[in-house]
Amino acid sequence: MRHALLPAAIVLALSWAGVARAETATITMPGKYFDPPRSTVVAGDLVVFRNSDLVSHDVRFTGGLHDSGVLARFTSWSQQFDQPGAYPFVCTLHPFMSGNLDVVAATLTATPDGVLAG
């Protein structure tokens, strides 16, 4: 019985190793600025914009691609980014507040040692 469970356990372990999951990045507005002002995420990641300031802000991406609408104090807005590229953004309520989000393509690498044969 133990020998029959071993192959199933190996297959299950290998399937977990290959599962990709999105990460979450957070950009805050602790005052009238974005922190950090420049971030890099992998395509498919979720980005959370958190207004930690006492005044309202918004987040608008160049070209109207994404728009948070007004974010009241202590609220947040999240957006997933699936396409690689540069995404500049600004707070239209405070136009001097700006930032940039760089989305890079996900890459998978494997070493020859990681391949099972037979």
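Asp102 is buried, because its relative accessible area is 16%. Buried means under 20% relative accessible area, exposed over 50%, and partly exposed in between (1.4 Å probe, protein chains only). This is a predicted model, where local features need pLDDT of at least 70, side-chain atom pairs count only at pLDDT 80 or more, and totals for chains, interfaces and linings use all residues. Residues are numbered from 1 along each chain as its sequence is written, and side-chain values use heavy atoms, without hydrogens and water.

Asp102 forms a salt bridge with Arg38. The pair links distant parts of the chain, 64 residues apart. Asp102 sits in strand β8 (residues 98–104), and Arg38 in strand β3 (residues 38–42). Strands are DSSP runs (E, at least two residues), numbered from the N terminus. Arg38 is exposed, because its relative accessible area is 54%.

A search of the whole structure finds two salt bridges. A salt bridge is a side-chain nitrogen of Lys or Arg within 4 Å of a carboxyl oxygen of Asp or Glu.

| Salt bridge | Closest N and O atoms |
|---|---|
| Asp102 and Arg38 | 3.0 Å apart |
| Asp67 and Arg60 | 2.9 Å apart |

Asp67 is partly exposed, at 39% relative accessible area. Arg60 is partly exposed too, at 35% relative accessibility.

Now the surface. Leu54, Val55 and Phe74 form a nonpolar patch with about 300 Å² of accessible area together. Patches are made of residues with over 30% relative accessible area and no salt bridge; nonpolar side chains (Val, Leu, Ile, Met, Phe, Trp, Tyr) are joined within 5 Å, like charges within 9 Å. Leu54 lies in the loop between β4 (46–51) and β5 (60–61). Leu54 counts as exposed because its relative accessibility is 58%.

Note on methods: Areas by Shrake-Rupley, 256 points an atom, 1.4 Å probe, with all protein chains shown as cover. Helix = DSSP H or I, 4+ residues; strand = E, 2+ residues; numbered from the N terminus.
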